[in-house]
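Keep the viewer open as you read.

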Amino acid sequence: MATLVSSCCTKDSQQFSSEFRTVALVGPPNSGKTTVFNRLTGLRQKVANFPGVTVEQHSGSMKLESGDEMRIVDLPGIYSLVPHSEDEQVTLDVLSGTMPDIPKPDAIILVLDSTNLTRHLMLAAEVLKLHMPTLILLNMADALRANGGSVDVLALARELKAPVALVSGSENAGLHVVEEFFAAQHLPENTEVHLPVLQDPRGCREWATTVGKKASYSRPATPKWTKRLDSVFLHRWLGPAIFTVVVIGVFQSIFTLAQPVTDLMETVLTAGGKWIAAHMAPGILQSLIVDGAWKGVSSVVIFLPQIVILFLAIGILEDSGYLARAAVIADRSMARLGLNGKSFIPLLSAYACAVPAIMATRTIENKRDRIATILIAPFMTCSARLPVYTMIIAAFIPNKRLLGPLMGTRAAVMLSLYVVGFMAALVTARLLKSFVLKSQSSPFVMELPSYRMPTLRSLGLRIYDRSKAFLVRAGTVILAVTIVVWALTHLPVKNGEVPPLEQSYAAMAGHVIEPAIAPLGFNWKIGVGLVSSIVAREVIVGTLGTLYGADPETEGLKLHEALRRDLSFGGAIALVLFFALAMQCVSTLAVVRRETNSWRWPALQFTYMTVLAYTFALIAFQSLKHVVR
């Protein structure tokens, strides 16, 4: 599909140049840069943070035909190298070689959206002015051609004095030119091209327009079906209604599609625990492995299907271009709260995890808006809460139809918990913007990506990453906590005998907490679970699995059956409300501290959310304590 085209670079050797070991991948948001990165690196990727900041660093190795490997660093999507946000500052620091512990890249791959080339050429001017070997990939060639657009790639290469190729990341077409580029032995550094003064926005726009005309660039027409879809999805009344239906569908699918797999996993894991117990001699080691580690971790792992369904749905909505439209719809509501649509994307990503969501607020220029968004992000129901919700709902809510096949009672309760968190965020935002963080509203400008069909590869990589993160935490943090809890249930040993559960250290600690949580309908076991969940929210499931597994009266029961024995209906509602509103994650507190550069904000956040959670849980239990399931 693509040939490497340049007026200044010829491929004279298939030998990989040893000069190019680290390559920076640069491009605007919605240019398909991440898709190109995934294609080039496959699963040979890792995620970390750049030194000293909370901006995520995605890097991976590209395997070449020669057997060599080249490191590709995927930098944040930006529109400019003139730093107005942390994303832009990080990209500039990496490219200029001033980022600590990160070597200056040997070359740049610049990904531009060929369907929006004139605007994106403004970034090309800034990148080329760095005078580094640069390969320019005009992505989304399939969409360009399908909708009647065109560009003279050779003419563009002559104007930019840099190699240019027309590619399609989604179809994996034309990306072989990347290896061709780095196989070339003599690469120029773009010293001849006449570039505009970067501090002159008007001059940059005129330059980009002129270059586009000389390259015979013809922007593709907006497809009629795109206009028709936008007339529906962005409609003042239909848009929010459709979004509501989509959200309901996602939560219903969590139960209807994932529950059979969850039940099967539970059966297999239970049988596995019995098999391990049968092949080990009875004693303390058997108890540690089966009652402690296996039961604790299994209690969490069985919720993997729900996590997969949730991220599959989010991936489809995001990759298709629909979520950007949802941000436009949300801007209308957020304006009433003093925020704008830029807060929507971080808040939406908080449904996966509050930590990257808080990092994503760095794109908000207004500092007070950014802090307000950081403070309300943990109210969004992250995936770590999902196992807790599912555990309680499965134990206490009968699975009945509510709106025919569209929604059942369990999906309705799950949705209501998400709504509770969202409403708490909105009210808190209004309070913050009215009293503590007053500021003038800023305009919301967002580039809407084209509608696209999500690819199986992209969705698969997304699900793989999230599933891996979930299972790694289950095999590390949750495993460690459950082993500690198991140990506390078996200590102190007296006369060589393990104490009864009620006389263990775990029970002693739980009984200290119990007076404070008894008004919420919680017993000491729930108290121990609440304390352990501060490490990570879903740890409570593993902790309760271990505690009830160590209790002779409940060790033969499934976790939801054991919960029904100890927890009333009112107590169950109080527990999920507490988790919907409380700040139960030290990682989130740590990243808030880093983002705000102060302990004042995370301390305020933790105190406010805990008091709010306790209050609503107290009201729920006291109102429902006489209700019999």
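**From the fold to the gaps**

The protein has 26 helices and seven strands, where helices (H or I, at least four residues) and strands (E, at least two) are DSSP runs numbered from the N terminus. This is a predicted model, so local features need pLDDT of at least 70 and side-chain atom pairs count only at pLDDT 80 or more, while totals for chains, interfaces and linings use all residues. Residues are numbered from 1 along each chain as its sequence is written, and side-chain values use heavy atoms, with hydrogens and water left out.

Of the 629 residues, 54% are buried, meaning under 20% relative accessible area with a 1.4 Å probe, protein chains only. Take contacts (heavy atoms within 4.5 Å): among those with a separation of 6 or more, 74% join residues 24 or more positions apart.

Now for the nonpolar cores, each a set of buried Ala, Val, Leu, Ile, Met, Phe, Trp, Tyr and Cys residues joined through side-chain atoms within 4.5 Å. The largest has 104 residues, and those with the most contacts inside it include Phe379, Met391, Phe522 and Leu544. Helix 18 (residues 409–436) gives the most to this core, with ten residues. Apart from it lies another core, of 39 residues, among them Val26, Val73, Leu121 and Val164. Zoom in on Met391: leaving aside neighbours within four places in sequence, this methionine touches Phe303, Val541, Leu544, Leu559, His560 and Leu563.

Grid points are joined across faces, edges and corners, and a volume is the space filled by probe spheres set on the points.

The second largest pocket has a volume of about 980 Å³. Its lining has 33 residues, with Phe243, Val247, Phe344, Tyr351 and Phe422 nearest its centre. Helix 13 gives the most to that lining, with seven residues.

There are three cavities of 30 Å³ or more. The largest holds about 50 Å³, and its lining includes Ile392, Phe396, Val413 and Val576. Helix 17 (386–396) and helix 24 (569–581) each supply at least two of its lining residues. The second largest cavity, of about 40 Å³, is lined by Thr35, Asn38, Arg39, Thr455, Arg457, Ser458 and Leu461.

Conventions. Buried means under 20% relative accessible area, exposed over 50%, partly exposed in between (1.4 Å probe, protein chains only). On a 1 Å grid over the protein atoms alone, a cavity is a set of points where a 1.4 Å probe fits but cannot get out, and a pocket is an open set with protein on both sides within 12 Å along at least five of seven lines; lining residues have an atom within 4 Å of a point.
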